[in-house]
Amino acid sequence: MKLSRRSVLASAAAVAASAAPAQAAPPGAGRRLRTGFERLADDGYALLAGRRVGIVTNPTGVTRDARHIVDVLHADPRVDLRAVFGPEHGFRGTAQAGGSEGRYDDPATGLPVYDTYLKSGGPLADVFTASGVDTVVFDIQDAGARFYTYIWTLYDCMEAAAAAGKRFVVLDRPNPVTGRAALGPVLHKEFATFVGRQPIAQAHGMTVAELARLFNGEFLSTPVPLETVTMTGWKRTEFYDASGLPWVPPSPNMPTPDTALVYSGTCLFEGTNLSEGRGTTRPFELLGAEGVDGRWAAAANALGLPGVRFREAYFAPTFSKFQGKTIGGVQIHVNDRAAYDPVRTGIALLVTAKQVWSGFAWRSDNWIDKLTGSTAVRTAIDAGADTDEVVRGWQGELAAFRRVRERYLLYR
């Protein structure tokens, strides 16, 4: 009897699954969340039957027992998996921010891996055409912030798939910081970049399947044939640790769900001359610069922001800003996740940093405007506005986005 590599892998996977010990129930009183991929598999991959499949994914595309879904799909004879498409940081996640892995053949499966990073429109449609697939599947863990680029990889791939005549399937995963509400300023179209293609809130409060529905319904000039595989057992109020799923860093500087919790606010420090904590073990939780001292933590704590305290901190980044230099700043300690507002907190930290440190400056390219979505935040802070005044400035546009967002929500 001749066995193929695929049949051997499939048999081994089945044995491993049957021999696996029962897992402890995650938080949620016996209710178990099932991801879009789990539900697709439960249905015997019927949605992909007879299709030539390509998948947009990265290291976060894993099963509950931490196997990569590409390995699982490739080993299953019911799925004709032809190609993998890697985003920023790459399919296997080896590249730092602003990088990708390029075109190569995956050593584990032999599948061709195509690079989607910084490709959109016609060039990306050409990649889909060259791959020979007729169905593009998307399965990547998001972090919940407008400027986290995977949601714009989703948007660009949907647009390109429509142009190339491909079917598009989104496998849903939890928003790790809940889906309770949209927060922060809304992007103005003239500031559209890869950290924000379309006018959504800075913390969108949606899952990737909900965003796909929003993109298709509001922004794509030619909607793509879209199917979403929803989760079961997810509640909008739940943080990631209630999911029972393994956390795989979706990018090198998103090591834990705690990082995602603060990221939609403190990523704004990428638009300043302060370190946002890259090159430390707590990126986006540690912020600082040369010459900053304990006055910053004191000023931030004096605001009495809900759900958070600030510790005077000193650290030496191993790369990025202030590499190898000991600098001063703050560490963010969230003590009540339900009360914590990451965007308001990020604004408060910008306001107080400018107040207590004479060296404060925006990046010379005004990158802060791309992150916040307009000039409004920068100009208000420069004019001496306090946190409340800055936050009031976006309430009208945020309310309008919330009304649009409501039409595309899949979970309650």
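Predicted model: local features only at pLDDT ≥ 70, side-chain atom pairs only at ≥ 80, totals over all residues.
**Entry 1. Terms first**

Helices and strands here are DSSP runs, numbered from the N terminus; a helix has at least four residues and a strand at least two.

**Entry 2. Tyr45**

I looked up the backbone of Tyr45. Its phi is positive, about 60 degrees, although Tyr45 is not a glycine. Is Tyr45 buried or exposed? I found a relative accessible area of 4%. Buried means under 20%, so Tyr45 is buried.

**Entry 3. Ser320**

I turned to Ser320, which has a positive phi of about 70 degrees and is not a glycine either. I found Ser320 in the loop between β11 (308-315) and β12 (327-334). Its relative accessibility is 34%, so Ser320 counts as partly exposed.

**Entry 4. Glu276**

Next I picked Glu276. Where does Glu276 lie? I found Glu276 in the loop between α7 (257-266) and β10 (286-289). Its relative accessibility is 4%, so I put Glu276 down as buried.

I then listed what Glu276 touches, leaving aside neighbours within four places in sequence. The contacts are Thr266, Phe269, Glu270, Pro283, Phe284, Leu286, Leu287, Ser320 and Lys321. Ser320 from my previous entry is one of them.

I also checked a distance. Glu276 and Ala192 are 84 residues apart along the chain, and 22 Å separates their C-alpha atoms.

**Entry 5. Helix α4 against α5**

I moved on to helix pairs. Helix α4 (residues 121-131) packs against α5 at an angle of about 70 degrees, and the two axes are 8 Å apart. That angle makes α4 roughly perpendicular to α5. The crossing of α4 past α5 is right-handed.

Which residues make the contact? From α4 I noted Gly121, Leu124, Ala125, Phe128 and Thr129. From α5 I noted Asp156, Cys157, Glu159, Ala160, Ala161, Ala163 and Ala164.

**Entry 6. Helix α5 against α6**

I stayed with α5 (residues 150-164). Helix α5 packs with α6 at about 45 degrees, with axes 10 Å apart. So α5 is oblique to α6. I noted that α5 passes α6 in a right-handed crossing.

On the α5 side, the contact is made by Ile151, Trp152, Leu154, Tyr155 and Met158. On the α6 side, Val208, Leu211, Ala212, Phe215, Asn216 and Phe219 take part.

**Entry 7. Inside α6**

I checked which α6 residues are buried. They are Val208, Ala209, Glu210, Leu211, Ala212, Leu214, Phe215 and Asn216. What do these buried residues pack against? I found β5 (135-139), α5, β6 (167-171), β9 (226-229) and α13. That took me to α13.

**Entry 8. Helix α13**

I tested the length of α13 (residues 395-406). Its 12 residues should span 16 Å at 1.5 Å a residue. The end C-alpha atoms are 16 Å apart, which agrees.

Leu398, Phe401 and Arg405 are buried in α13. Why do I say they line one face of the helix? Seen down the axis of α13, the buried residues fall within an arc of 65 degrees, so they line one face.

The buried residues of α13 pack against β7 (183-186), β8 (201-203) and α6 (208-219).

**Entry 9. Arg402**

I looked at one more residue of α13, Arg402. At 33% relative accessibility, Arg402 counts as partly exposed. Arg402 touches Ala181, Ala182 and Leu183, not counting residues up to four places away in sequence.

How far apart are the C-alpha atoms of Arg402 and His204? I found 8.9 Å, although the two residues are 198 apart along the chain.

**Entry 10. Helix α9**

Last, I looked up α9 (residues 342-356). This helix has 15 residues and reaches 21 Å from its first C-alpha to its last. That is close to the 21 Å expected at 1.5 Å a residue.

How many residues of α9 are buried? I found 11 of 15, so α9 is mostly covered. The buried ones are Pro342, Val343, Thr345, Gly346, Ile347, Ala348, Leu349, Leu350, Val351, Thr352 and Ala353.

Note on methods. Residues numbered from 1 in each chain as written. Heavy atoms only, no water. Expected span 1.5 Å × (residues − 1). Buried < 20%, exposed > 50% of the residue type's maximum accessible area, 1.4 Å probe, protein only. Arc of directions from axis to C-beta. Contact = heavy atoms within 4.5 Å. Axes fitted to C-alpha atoms, helices over the stretch in contact; angles between N-to-C directions. Parallel < 35°, antiparallel > 145°, perpendicular 65-115°, else oblique. Left-handed = near helix turned anticlockwise from the far one by under 90°.
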